[in-house]
Amino acid sequence: MRMGEDAITLTDDLEINLRCLRERLCMPDNQDVLLRRFRSGAFESALLAIDGMCDTREIDENILKPCMDLPRDAGADVPGGERVAYLMENAVSILPMQMKERFDDLIADALSGQCVLLCEGSAAACVMDTRGFDKRGVGRPEAERVVLGPHESFTESIRTNITLLRRIVQRETLITEFVSVGGAMKTRCALLYLRGTADEAMLARIRQRLCAIDYDFPLTTGEIGQFIEEHPGSLIPQTVHTERPDRAASFLAEGQVIVLTDGSPAALGAPSTIWHQLHTPDDTSMRWQYGTFLRLIRLLGIAVHVLLPGIYLALLRFHPELFSPMLLTSVYESGSRVPIPVYLEALLMTLAFDLIGEAGLRAPGSMGNALGIVSGLILGQSAVSADIVSPLLLIVVAASGLGGFCVPNYALSIGLRIVQLIVLTAGAAGGLYLIALVLLALLCSLCRMQSIGSPLTAPVTPPRRANPDILLRLPLRRQKARAFFAKHDS
Amino acid sequence: MPNTTPESVVAARIRAAYRVRACAAAVCTGAAVFALGTGAGMAICLNAAWLAAAAALPACALLTLLAHRALTSSRPARLRNALLAALMLLLAVFALAALVSLAKQTMLPHATISYIARTSFLMAALCCAFGGAGVSRLMFALRFVLVLGLAALCALSLRGESASGLFPLLGPGAQQVALAALCMLAGAAPVLLLALPPAELAEIDEATRLGATPGPGFFLWRVLLGGAIGVLLLAALSLGGPYERIAQETSWGQRMLLARASGPRAGGTQTALLILQAAALLLCAAQTMLAGAQALSAALPRLQPFALPVALALCAGLLTALVYTGLETALRAAPLLSLPAAAAGALCLGRRKSP
């Protein structure tokens with residue numbers, strides 16, 4: 001046994017153990033650490049916890065008081081190695097308990113809000129779940145609002161999130177595995193899946209990638225998603241994030257694995273397909289005709305968002321014959337008063353729209369909405385009056401921006417905004433011809449992508465067995481197949 | 001109840017990869033038949049080009065059977081692969097030349113040919129850099145758009161309801177039709193890319209792959225459908241552009257325009273159609289370039305890490321030469337592609353070794 005900071009496991013000497021813990025936890029400089037020594041019957045014990053992270057009332061009533069109330073000779077004949085177990089059986093009245101011997105584990109548990117009970121003569125300590133820090137209650141989803149369907153969202157507490165999921169998926173095969181990921185500061189992650197439904201090979205791949213994360217502070221599911229995806233240079237996300245427990249439950253049922261992290265109010269689903277990014281819970285909640293109609297509208301919105309500014313520019317510069325003479329006259333008339341090239345004009349307006357969107361998102365509370373409307377109206381009107389932009393371009397950029405709000409996935413919507421700028425540049429450089437070529441190249445890139453080994457564009461291409469729930473949402477009674485990435489014999 | 005054992009899933013995945021590959025071959029064949037028909041076919045036998053192009057269909061069937069034979073053989077065939085590499089790269093250059101010519105004469109009349117060639121090659125190279133799986137999968141996903149879109153737009157843009165454009169049925173005469181048919185045989189050449197296993201199956205061991213390779217009929221109907229679409233589009237072109245008008249057109253790109261009755265570049269329908277043609281040609285170029293690189297690495301295993309850059313460099317060099325000597329050279333030389341295709345097909349006839 002080595003002493004000091006290098007110590008790995010507990011000894012049977014309580015004094016040495018406490019000294020080591022004090023050193024590791026930088027006591028007395030670190031004033032959050034509670035290390036309380038007390039007499040429990042015939043021997044001495046100690047309790048380690050972090051102030052504010054644990055429920056002190058629960059510790060007082062269920063650990064300290066019963067232990068200190070033991071008669072002076074209680075446990076006198078108990079061997080040193082069994083003293084912790086003796087206290088657990090005869091005094092402590094807390095349910096979740098675990099015996100641990102490594103300092104690293106004990107410190108990590110204490111830092112997560114659990115308390116550690118050590119006894120004189122025992123080389124093992126008991127970790128008890130007494131977490132009692134303040135946390136936000138279950139609220140409404142902000143980024144994934146629906147008309148029908150549940151209105152609750154994940155919170156920052158991993159425990160609450162697991163409970164929310166378990167309340168929906170009441171199956172004995174729902175497995176929760178805890179993994180600590182990261183380098184200097186470990187983040188507690190939970191890996192949830194349905195045994196018998198999720199593919200083991202895929203599960204092993206996710207576990208391996210999580211364990212391989214050597215980034216010092218992977219705090220959120222968004223950061224963890226970046227480490228487990230295959231194509232970090234791509235514009236399209238390869239995992240799907242959701243803040244809705246009902247959606248995460250549907251991912252589990254499909255055979256996906258859910259990753260939750262402590263402190264992140266979102267779940268990460270993997271593997272995913274591009275179609276997951278385009279679906280919303282409303283599509284399934286409503287009758288199939290309505291769901292299909294909404295999906296088609298959404299696709300139209302995405303097409304308008306990505307293509308409209310580029311096509312407008314291409315038509316104006318390379319294919320003016322496609323405009324009617326009246327419209328062409330009007331476009332040229334208003335364009336002749338604008339002093340900057342049409343490409344720059346379109347680029348500036350598109351970026352201005354993104355600027356308003358970003359400012360509206362970051363502005364506090366209800367100011368955000370007001371800011372968006374006011375800047376849109378005032379900037380747009382003023383820009384047209386000052387002949388900085390042509391009115392038709394303003395309409396094009398506004399319609400395109402409106403289409404962008406149809407994208408149900410926020411990460412995807414940012415990727416599509418970048419694609420919009422690429423298409424805009426292609427339209428200015430080579431008209432519809434270059435737009436077509438650039439889109440084909442981008443689609444090639446999309447088609448070769450994988451998410452944890454599953455093709456991102458499957459089951460459309462490459463073909464895989466699937467439900468009729470991809471672009472069109474056909475009746476639920478026809479949806480009997482499990483996702484292609486689920487376990488084969490499930 | 002579907003069979004869902006792990007073995008059956010692997011077999012299903014192999015089958016899916018071949019479906020994607022067959023679809024890519026079909027789209028390439030359709031694009032090549034149409035480009036050859038508007039190039040060599042119409043120059044020789046005017047509005048009977050579609051009839052001459054139909055001669056490519058039996059050739060497609062024959063080459064499919066030969067390619068399938070090569071696919072199910074585990075015997076190494078370096079000479080065949082070398083020939084396939086050369087053929088595929090020439091086909092890629094031919095498709096790129098057609099694409100550049102089409103863009104110059106229709107959508108970008110004011111741009112220089114070298115600018116269009118550079119951008120087209122860059123995009124094809126970018127598609128290749130994303131890998132064979134991406135291009136094949138995209139072709140599979142766009143198969144209905146390419147096939148139905150071309151057919152529907154072609155039908156919509158026909159102005160006259162009379163079928164008089166197809167007559168005289170043999171154009172300038174039976175002799176010319178026979179000559180054009182001979183030239184059109186080269187349209188079947190892209191089918192030979194089926195002789196190379198899809199890149200997605202590289203991780204599956206050869207015995208499993210060979211054991212689960214679908215029969216020739218699986219490929220045959222898809223490829224024939226692709227070729228037939230090319231033939232039908234030529235027939236529609238003849239309907240839209242009568243005998244006299246086609247005779248006046250000496251330029252390839254102009255002949256590739258459909259719906260001539262509506263006049264060149266006269267509307268959104270026509271532009272959409274041109275974009276579809278361009279998309280088919282670009283994908284055909286990228287797919288054949290990738291197949292060329294694959295065949296090159298099979299023929300010269302030492303070259304494997306550099307196969308794609310070498311293939312791209314060869315194509316870039318040939319395209320540059322064509323840009324300076326005139327893209328019409330590719331048009332005139334395209335029918336000669338049937339010679340290496342026939343030789344590669346003959347080499348597929350070697351004795352088969354069972355897995």
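This is a predicted model: local features need pLDDT of at least 70, side-chain atom pairs count only at pLDDT 80 or more; totals for chains, interfaces and linings use all residues.
Figure 1. You'll find A:Leu299 in helix 11 of chain A.

**Figure 2. Helix 11 and helix 16 of chain A run side by side.** Helix 11 covers residues 288-317 of chain A, and helix 16 covers residues 410-447 of chain A. Their axes come within 7 Å and cross at roughly 30 degrees. Are these two helices of chain A roughly parallel or roughly antiparallel? Angles under 35 degrees count as roughly parallel, so helix 11 of chain A and helix 16 of chain A are roughly parallel to each other. Their crossing is right-handed.

**Figure 3. Here is who meets whom between helix 11 and helix 16 of chain A.** On the helix 11 side, the residues in the contact include A:Ile302, A:His305, A:Val306, A:Leu307 and A:Arg317. Helix 16 of chain A brings in, among others, A:Leu416, A:Val419, A:Gln420, A:Leu432 and A:Ile435. Glycines turn up on both sides, including A:Gly310 in helix 11 and A:Gly427 and A:Gly431 in helix 16. Sort the contact of these two helices of chain A by class and you get 15 nonpolar, five polar and one charged residues.

Figure 4. Helix 5 (residues 158-168) and helix 8 (residues 245-254) of chain A pack at about 65 degrees, with their axes 9 Å apart. This crossing of helix 5 and helix 8 of chain A is right-handed. Which residues make the contact between helix 5 and helix 8 of chain A? From helix 5 of chain A come A:Leu164, A:Leu165 and A:Ile168, and from helix 8 of chain A come A:Pro245, A:Asp246, A:Ala248 and A:Ala249. By class, that makes six nonpolar, no polar and one charged residues.

Figure 5. Is A:Pro339 buried or exposed? A:Pro339 counts as exposed, because it has 9 C-beta neighbours inside 10 Å, and 12 or fewer is the cut-off for that label. Now find A:Ile388, which is 49 residues from A:Pro339 along the chain, with the two C-alpha atoms separated by 6.9 Å.

**Figure 6. Two residues of chain A have a positive phi without being glycine.** A:Cys26 has a phi of about 55 degrees. Where is A:Cys26? A:Cys26 is in the loop between helix 1 (14-24) and strand 1 (33-40) of chain A. A:Cys26 is exposed, with 10 other C-beta atoms within 10 Å. The other residue here is A:Asp387, whose phi is near 60 degrees. A:Asp387 lies in the loop between helix 14 (367-385) and helix 15 (391-404) of chain A. With 13 C-beta neighbours inside 10 Å, A:Asp387 counts as partly exposed.

Figure 7. One cis bond runs from A:Ala458 to A:Pro459, with omega near 5 degrees. The other goes from A:Thr461 to A:Pro462, and its omega is near 0 degrees. Strand 12 of chain A spans 454-455, and A:Pro459 is in the segment after it. A:Pro462 is also in the segment after strand 12 of chain A.

**Figure 8. Chain A meets chain B.** How many residues does each chain bring to the contact? Chain A gives 27 residues and chain B gives 34 residues. On the side of chain A that touches chain B, there are 16 nonpolar, seven polar and four charged residues. As for chain B itself, its secondary structure comes to 16 helices and zero strands. Chain B has 355 residues, and 59% of them count as buried.

Conventions
Residues are numbered from 1 along each chain as its sequence is written. Chains are lettered from A and ligands numbered from 1 in the order in which they are written. A residue is buried if 20 or more other C-beta atoms lie within 10 Å of its own, exposed if 12 or fewer, and partly exposed in between; C-beta atoms are placed from the backbone. Two residues are in contact if their C-beta atoms, placed from the backbone, lie within 7 Å. Ala, Val, Leu, Ile, Met, Phe, Trp, Tyr, Cys and Pro count as nonpolar, Asp, Glu, Lys and Arg as charged, and the others, Gly among them, as polar. Axes are lines fitted to C-alpha atoms, for helices over the stretch in contact, and angles run from 0 to 180 degrees between N-to-C directions. Helices (H or I, at least four residues) and strands (E, at least two) are DSSP runs, numbered from the N terminus. Angles under 35 degrees count as roughly parallel, over 145 as roughly antiparallel, 65 to 115 as roughly perpendicular and the rest as oblique. A crossing is left-handed if the near helix is turned anticlockwise from the far one by less than a right angle, and right-handed if clockwise.
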